[in-house]
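Here is a short tour to read alongside the sequence and the model. Please keep both in view as you go.

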Amino acid sequence: MEIKEFFPIWDKMTAGQQEALVSGARRQVLKKGTVIHRDTEDCAGLLLLEEGQLRAYMLSEEGREITVYRLLEGDICLFSASCMIRSLQSDIVIEAERDSRMWVISPGVYRKLMDESALIANYTNEIMASRLTDVMWLMEQVMWKSLDRRLASFLLEEADLEGSGSLKITHEMISNHLGTAREVVTRMLRYFQSEGMVRLSRGAVEITDRKKLEKLGQI
């Protein structure tokens, strides 16, 4: 993907602004498992994901993880450039869930463009608002939705992302996404299996009754 494809406001930018974005960007290829951004002191720059999948998650003092959102092809990551947005302070970790390729725009270049252009600043604020909506949605899920419903929804989301009902995923990985203990996930998956919704094997979960999972996730 070209840089302009990430910016629906591209045609409204000046030629100088377009050139600044292009010249201030570099391509980066990451292997699965690579951590791109870890805390507010780390400023990788603005990430434009061409291919692959990134995971943004929060880490508790006890070392427990919970997924905040995923980034897919065509998405822009702001949290990796928190140093350039004064109001954006977060302890979010960003990691490559798959082998990924992206553009990385220098935070200095983008900060300058935001200061000079209300158009670019407003677009950036729209992206930030969208991500904060994701965070608020997650909080609602954790606070008000039972774990069995969250787990059912998560398995369905994974199946959609993978394009398959056979998921190569461990109980530990699921617990990290949902922010709960592995033992709790294991007990819940065994219950799902007893109800005929999934089939469990080492390092894998196969969805056997999608309609039943969908019904549970919507209760």
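The report below goes from the whole chain to its strands and then to an annotated span.

## Basis and confidence

This is a predicted model, in which local features need pLDDT of at least 70 and side-chain atom pairs count only at pLDDT 80 or more, while totals for chains, interfaces and linings use all residues. Residues are numbered from 1 along each chain as its sequence is written, and side-chain values use heavy atoms, with hydrogens and water left out.

The average pLDDT (the predictor's confidence in each residue, from 0 to 100) is 88 for the chain, and 93% of the residues score at least 70. Confidence is highest in strand E11 (residues 204–207), at 96, and lowest in helix H3 (residues 118–144), at a mean of 83.

## The chain as a whole

The chain has seven helices and eleven strands; these are DSSP runs numbered from the N terminus, helices (H or I) having at least four residues and strands (E) at least two. Along the principal axes, its C-alpha atoms fill a box of roughly 60 × 35 × 30 Å.

Of the 219 residues, 47% count as buried, meaning under 20% relative accessible area with a 1.4 Å probe, protein chains only (exposed is over 50%, partly exposed in between). Among contacts (heavy atoms within 4.5 Å) with a separation of 6 or more, 70% join residues 24 or more positions apart.

An open sheet is built from four strands in the order E2-E7-E4-E5, with antiparallel pairing; two strands pair if DSSP finds at least two bridges between them. Strand E2 (35–37) and strand E5 (65–71) are the edges, each pairing on one side only. From one strand to the next, the twist averages 35°.

Strand E4 (residues 54–59) and E5 run antiparallel, joined by six bridges, and Leu59 stands opposite Glu65 in E5. Helix H5 (residues 171–178) packs on this sheet, touching E4 and E5, and its direction makes about 80° with that of E5. Such angles run from 0 to 180 degrees between N-to-C directions of lines fitted to C-alpha atoms, for helices over the stretch in contact.

## Strand E3 and its partners

Five of the six residues of strand E3 (residues 46–51) are buried. E3 pairs antiparallel with strand E8 (residues 100–105) over five bridges, where Leu49 stands opposite Met102. E3 also pairs antiparallel with strand E6 (residues 76–77) over two bridges, and there Leu48 has Ile76 as its bridge partner.

## The annotated span

UniProt lists residues 145–211 as "domain: HTH crp-type" in an unreviewed entry; its positions follow the numbering used here, feature names are shortened, and annotations may be inferred rather than shown by experiment. The span is 58% helix and 15% strand, and its end C-alpha atoms lie 19 Å apart.
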